[in-house]
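Hi,

Here is the structure I promised to pass on. Have a look at it, and then read my notes on the charged side chains and rings below.

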Amino acid sequence: MKKLLLFAAVALLGITATNAQFKLGLGFGYALPSGDIADFTDGGLAAHFELGYGVTEDIDVSIMYQGEFLAGGDVDVNGTTASVGAVAIGSYMLNGRYYFTKEGFRPYGSLGLGLASIGSIEFENVESNVD
């Protein structure tokens with residue numbers, strides 16, 4: 001249910017403008033960490049900006065930047081407690097899309113190549129509770 005609400009919020013906040021063959025996309029959402037990074041961060045903000053070009057009516061190419069800013073939390077490892085500051089994650093992606101239909105609902109297939117990086121992780125207030 002949470003993922004459905006998250007998807008609906010991102011879909012409602014996403015804005016797409018089209019002018020001739022140039023396309024501009026902008027979206028905002030909530031970043032929910034998962035995996036290893038979820039152990040020491042809380043949620044945060046996510047945003048993306050996409051600039052594209054319609055090569056033909058069926059084919060688009062675009063470049064997209066996406067960034068997430070996660071609030072830090074506390075982590076306890078073997079009796080040592082550390083406070084983690086904000087974490088910034090950014091990615092660039094080159095996309096190609098092929099639209100299967102020309103009118104109405106337009107499903108598409110997409111292929112992309114990208115690069116992601118973690119901008120910063122700060123550790124603060126390291127305390128040891130080992131006796």
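A quick definition before the notes: buried means under 20% relative accessible area, exposed means over 50%, and partly exposed is in between, using a 1.4 Å probe and protein chains only. Bear in mind that this is a predicted model, so local features need pLDDT of at least 70 and side-chain atom pairs count only at pLDDT 80 or more, while totals for chains, interfaces and linings use all residues. Residues are numbered from 1 along each chain as its sequence is written, and side-chain values use heavy atoms, with hydrogens and water left out.

Salt bridges first. Side chains of opposite charge can pair when their charged atoms come close. The cut-off here is a side-chain nitrogen of Lys or Arg within 4 Å of a carboxyl oxygen of Asp or Glu, and the structure holds three such bridges.

- Lys 23 pairs with Asp 60, with 2.8 Å between the closest N and O atoms. That links distant parts of the chain, since Lys 23 is in strand 2 (residues 22-31) and Asp 60 in strand 4 (residues 59-72), 37 residues apart. Strands are DSSP runs of E with at least two residues, numbered from the N terminus. Lys 23 is partly exposed at 26% relative accessibility, whereas Asp 60 is buried at 4%.

- Glu 50 and Arg 97 form another bridge, their closest N and O atoms being 2.9 Å apart. Distant parts of the chain are linked here too: Glu 50 belongs to strand 3 (residues 41-54) and Arg 97 to strand 7 (residues 87-99), 47 residues apart. Glu 50 is buried at 12% relative accessibility, and Arg 97 is buried at 16%.

- Lys 102 bridges to Asp 58, again with closest N and O atoms 2.8 Å apart. Lys 102 sits in the loop between strand 7 and strand 8 (108-120) and Asp 58 in the loop between strand 3 and strand 4, so this pair ties together parts 44 residues apart in sequence. Lys 102 has a relative accessible area of 48%, so it counts as partly exposed, while Asp 58 is buried at 17%.

Now the rings. Which ring does Arg 97 lie over? Arg 97 lies over the face of Tyr 108, at 5.4 Å from the ring centre. The test wants NZ of Lys or CZ of Arg within 6 Å of the ring centre and within 35 degrees of the ring normal. Arg 106 likewise lies over the face of Tyr 99, at 4.5 Å from the ring centre.

Cheers

Key:
Helices (H or I, at least four residues) and strands (E, at least two) are DSSP runs, numbered from the N terminus.
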